[in-house]
Amino acid sequence: MKQILIPTDFSNCAGNAIDFAVQSAKIMPMEITLLHSFELNDNMYTDYIGVNREFNQTMLTGAKENLANLKKSMEENDGVTVDTLISKDSLQEAITEALRENEFELIVMGTLGASGIKEKLWGSRTSSTIGKSGIPVIAIPNEYQWKKPQKILFATNQFEKDSAILNIIFELAGLYMASVQVAVFTDEEVDKAGTFLENKRKISEYETFLKETYNENTLTSAHLYGENFSETLQDFIKKNDIDMLVMVTYPHKFWNRIFNPSKTKLMSYHTHIPLLAIPAAANAKK
């Protein structure tokens, strides 16, 4: 039984993430926990005269009612098991606390992309969760409509052999009865000719390794190259009808985060299909 955490602000974007989890729960056994958080207004003067206190209590009561109604609807209409959590902390603090007190294995979270100020704010929350949660996160785009994943693309330049990472991918593929394809990207502007040849050799060897390790004879590989990682990957996804993208996140030092930002976080803003972000072992929740 998978324990799934879904942060929600009761928006359509969050609803998409909930729908993805609900539809997945009809395929694989899972228990869903809905998490709603909001930061309470903290001002000594207004609290003293009772204005903030009354407003905060109204917000809290409304959030509890919304969660209860959503839980009832999901259990009655979809037959899934649902628990609820509510927090007065920021979203990231609420998620951290929820992970500390529960054995969640996966977070499913909506993302609005990066087309406007509001979208950037919510997108940054999803991106931050991907970087800090320590467990796998599936980011569901706002415009996405449920489709059982049949083709999963694992994009990597690290050629991971860590079973803690790979088992998640192939277990999920087995539950969805989906095929897996692995891809590596070479930057035509930045990488040297030797890197291109090295990636071409490694991807072929990596395909053989995965086929033998996971008995996946239908697995295929692709060597992608272009001047823009995101655009090249999106183009490949569209042309090959990929249903889910999988990437691995690695811890970055401060200056690397500025000059070489995470490609996984980048794709959380731009993906049009679900993105499964798996933390590397060194970044994973202990």
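In strand 8, His 223 is the bridge partner of Val 184. Seven bridges join strand 8 (residues 220-226) to strand 7 (residues 179-187), and the two strands run parallel. Strands count as paired if DSSP finds at least two bridges between them. From strand 7 the chain crosses through helix 7 (residues 193-214) to strand 8, and this β-α-β crossover is right-handed. Right-handed means that, with the strands pointing away from the viewer, the path from the first strand over the helix to the second runs clockwise.

The model is predicted; local features need pLDDT of at least 70, side-chain atom pairs count only at pLDDT 80 or more, and totals for chains, interfaces and linings use all residues. Residues are numbered from 1 along each chain as its sequence is written, and side-chain values use heavy atoms, with hydrogens and water left out.

The secondary structure comprises ten helices and ten strands. Helices (H or I, at least four residues) and strands (E, at least two) are DSSP runs numbered from the N terminus. Of the 286 residues in the protein, 46% are buried. Buried denotes under 20% relative accessible area, exposed over 50%, and partly exposed in between (1.4 Å probe, protein chains only). Among contacts (heavy atoms within 4.5 Å) between residues at least 6 apart in sequence, 78% join residues at least 24 apart.

Strand 1, helix 1 and strand 2 form a right-handed β-α-β unit. Strands 1 and 2 run parallel and are joined by six bridges. Leu 5 has Thr 33 of strand 2 as its bridge partner. Thr 33 is also the bridge partner of Asp 83 in strand 3. Seven bridges join strand 2 to strand 3 (residues 81-87), again in parallel. Strand 2 (residues 30-37) is mostly covered, with seven of its eight residues buried.

Ile 18 lies in helix 1. This residue is buried, at a relative accessible area of 8%. Beyond its neighbours within four places in sequence, Ile 18 contacts Ile 6, Thr 8, Leu 34, Leu 70 and Met 74. The C-alpha atoms of Ile 18 and Ile 6 are separated by 6.9 Å, and the two residues are twelve apart along the chain.

The second largest pocket has a volume of about 340 Å³. Its lining has 20 residues, of which Lys 2, Glu 105, Leu 106, Pro 136 and Ile 168 are the closest to its centre. Strand 1 (2-7), helix 1 (12-25), strand 4 (106-111) and helix 6 (163-176) each give two or more residues to the lining. Helix 6 supplies the largest share, five residues. By class, the lining divides into 16 nonpolar, one polar and three charged residues. A pocket is an open set of points on a 1 Å grid over the protein atoms alone, where a 1.4 Å probe fits, with protein on both sides within 12 Å along at least five of seven lines; lining residues have an atom within 4 Å of a point. The volume is the space filled by probe spheres set on the points, which are joined across faces, edges and corners. Ala, Val, Leu, Ile, Met, Phe, Trp, Tyr, Cys and Pro count as nonpolar, Asp, Glu, Lys and Arg as charged, and the others, including Gly, as polar.

Phe 159 is buried, at 11% relative accessibility. Met 177 is exposed, at 71% relative accessibility.
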